[in-house]
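Please look at the sequence and the structure together before reading on.

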Amino acid sequence: MKLDLLKKYVRVAALSFEITVKSTLVDGFILFGILFQPLIIAMLALWMLQDRGGEYAIFVVVGSGMTGLWSTLLFACGNSITLERWIGTLEMIIGVPTPLQVIVFGRNLANVLQSLLSMVGSYALISIFFGYHLTIAQPLLFLVSLIFTVISFVCFGLLLAPLFVLNPDVQRWQNGLEFPIYILGGFLFPIALLPGWTTPLSYLLAPYWAARALHVASSGGDINEVFLSWGVMLAFSAIYILVSGRMFRLVIHRARVDATLGMQ
Amino acid sequence: MPAIEVKNLRRLFKTNIGVIRRSIKEVVAVDDVSFEVQPGELFGLLGPNGAGKTTSVKMLATLMIPSGGSARVLGFDVVDQADKIRPRIGFIFGGERGLYWRLSAIDNLRYFAALYQMDPEVTKKRIPYLLELVGLADRGKEKVEGYSRGMKQRLHIARTLLHDPEVLFLDEPSIGLDPVAAREMRQTVLDLQAQKKTILLTTHYMFEADALCQRIGVINHGRIIALDTPAGLKKHVQDLSVIEIEVFGVPTATIDRIKALPGIDAVSIENRDQKQAMLVQSPRGSAAVPDLMSALREVRVGAVVVREPTLEDAYVRLVGGISEA
């Protein structure tokens with residue numbers, strides 16, 4: 001790709017990021033998913049798991065934060081193309097020279113970064129209101145894990161957005177996909193507590209590897225597990241980007257054939 | 001080389017009907033349409049709602065793939081070479097949608113400028129210029145959700161001119177605008193034409209097509225039924241006079257009786273506040289008035305005027321049937 005074109009794409013992604021932040025800051029549904037729902041989950045989890053001792057609190061912070069990340073990915077990133085169609089801007093942004101994938105990338109980045117606020121909110125709630133002393137075992141590994149988490153979630157969002165457009169039947173299951181991933185991703189309790197047959201399903205999910213890296217880096221454990229999780233997240237991200245490129249082309253072609261870019 | 005070249009263009013839509021025993025119904029929206037638009041020309045597509053105007057424009061703007069035939073814009077095929085066309089065209093679809101309402105006008109324009117991959121330095125100068133041009137300079141920082149319909153439409157015009165496109169597709173740009181805003185919009189279109197832009201304008205307002213377009217294609221049921229200059233189209237009715245009768249509530253049976261009178265070519269009704277205007281086209285001119293009065297004896301009648309036909313009368317004759325506006 002030529003450097004000049006790359007600069008233009010970066011500029012598009014940056015402006016997509018900016019307008020997404022400006023739009024979602026006044027969107028009650030998104031704010032509920034980012035802030036309030038994870039806080040409610042954090043409180044419930046803390047009450048349920050308080051007999052495990054204070055060191056479990058950081059696990060709850062990370063886990064409830066992950067629920068905010070996943071909900072944002074599912075609803076905000078997953079609906080990023082559908083939303084443009086609802087508000088009538090999809091035709092306008094398909095008719096420009098910039099690929100839709102670049103535009104959605106910027107939107108996903110904004111959504112995922114904003115959703116990290118859920119982790120900050122849970123941290124503040126548990127440390128200030130519940131008085132737990134929270135420490136992160138491996139701060140540097142935690143920070144890098146967070147960066148890999150953002151990358152893998154943004155790329156996962158690039159897969160979900162065209163998938164939901166191509167297959168509305170999948171989108172109808174959107175609400176039903178929220179809690180199963182909380183559980184399969186091992187956000188709030190280890191997947192070892194689940195039946196053995198569900199473990200392969202967890203391994204196929206980037207959110208599981210993100211949660212695993214963040215939990216180990218924050219609560220302590222074998223750091224090789226963190227490195228393994230980073231590798232798997234990167235591999236998944238590469239696969240998501242490759243597959244989503246084809247899906248975006250398919251979405252646009254099918255929408256031009258079926259005349260479904262606009263909504264009357 | 002024509003700026004727009006359309007050959008035997010066709011577009012089908014498939015719709016599902018039925019709940020239990022579902023079947024697919026095919027509707028022909030655009031049927032064997034052919035025309036050319038020369039560089040710098042202001043070409044109009046005139047037709048009633050559902051005639052196929054918007055579908056034609058969407059195919060030319062690369063947003064929809066034709067079911068048959070071919071179309072080229074600036075020499076490029078709209079299906080296979082859409083990437084070459086998109087940076088060089090602009091389009092507006094009538095109505096308020098298509099903007100980010102939670103953002104300001106300036107943010108909307110900044111975003112679309114980036115999507116059109118414009119140079120940031122050019123964007124900085126272009127946005128204030130365009131806001132000034134469309135009369136939104138002092139409202140540019142306000143959120144679009146607080147704009148009136150006319151302001152949103154003007155912002156659409158600014159958006160479509162951002163990257164200085166060579167070809168403009170304006171699909172019913174004045175729909176829903178108040179008379180002053182519509183007049184300003186028409187002036188903007190004329191200004192753009194003075195800048196040698198190629199413009200394809202769709203409208204169902206006859207006076208708008210008459211005032212703006214150099215050539216007009218009349219489209220109905222997906223087919224071009226006439227293509228000529230406004231003056232050429234008026235020749236379709238030069239043998240006719242139009243008798244305009246002010247009436248108050250005409251029963252359908254009376255209209256049918258008038259249509260059956262000898263020498264009556266077309267009848268249409270226009271609703272005008274508390275009254276209606278019955279427009280009767282006839283080669284008999286004022287000689288037909290006594291027969292019409294006789295047919296309308298049970299109806300309250302106001303002023304009667306016999307006048308020369310306009311483009312609207314040509315349109316009514318071409319499209320046929322009774323239309324109510």
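## Chain B as a whole

Of the 325 residues of chain B, 42% count as buried, where a residue is buried if 20 or more other C-beta atoms lie within 10 Å of its own, exposed if 12 or fewer, and partly exposed in between, with C-beta atoms placed from the backbone. This is a predicted model, in which local features need pLDDT of at least 70, side-chain atom pairs count only at pLDDT 80 or more, and totals for chains, interfaces and linings use all residues. Residues are numbered from 1 along each chain as its sequence is written, while chains are lettered from A and ligands numbered from 1 in the order in which they are written.

Chain B holds eleven helices and 14 strands; helices (H or I, at least four residues) and strands (E, at least two) are DSSP runs, numbered from the N terminus. The C-alpha trace of chain B spans about 70 × 50 × 45 Å along its principal axes.

## Two helices of chain A

In chain A, the axes of helix α8 (residues 139-166) and helix α12 (residues 206-219) come within 9 Å and cross at roughly 170°. Therefore α8(A) is roughly antiparallel to α12(A), a term used for angles over 145 degrees. These axes are lines fitted to C-alpha atoms over the stretch in contact, and angles run from 0 to 180 degrees between N-to-C directions.

Of α12(A), 13 of the 14 residues are buried, and the helix is followed by Gly220(A), whose phi is positive, near 100°.

## Where chain A touches chain B

In all, 23 residues of chain A are in contact with 22 residues of chain B, two residues being in contact if their C-beta atoms, placed from the backbone, lie within 7 Å. The largest share of the chain A side, seven residues, comes from α1(A). The table gives this side by class.

| Class | Residues of chain A touching chain B |
|---|---|
| Nonpolar (Ala, Val, Leu, Ile, Met, Phe, Trp, Tyr, Cys, Pro) | 13 residues |
| Polar (the others, Gly among them) | five residues |

Leaving aside neighbours within four places in sequence, Ile199(B) is in contact with residues including Leu42(B), Phe43(B) and Gln193(B).

Methods
Parallel < 35°, antiparallel > 145°, perpendicular 65-115°, else oblique.
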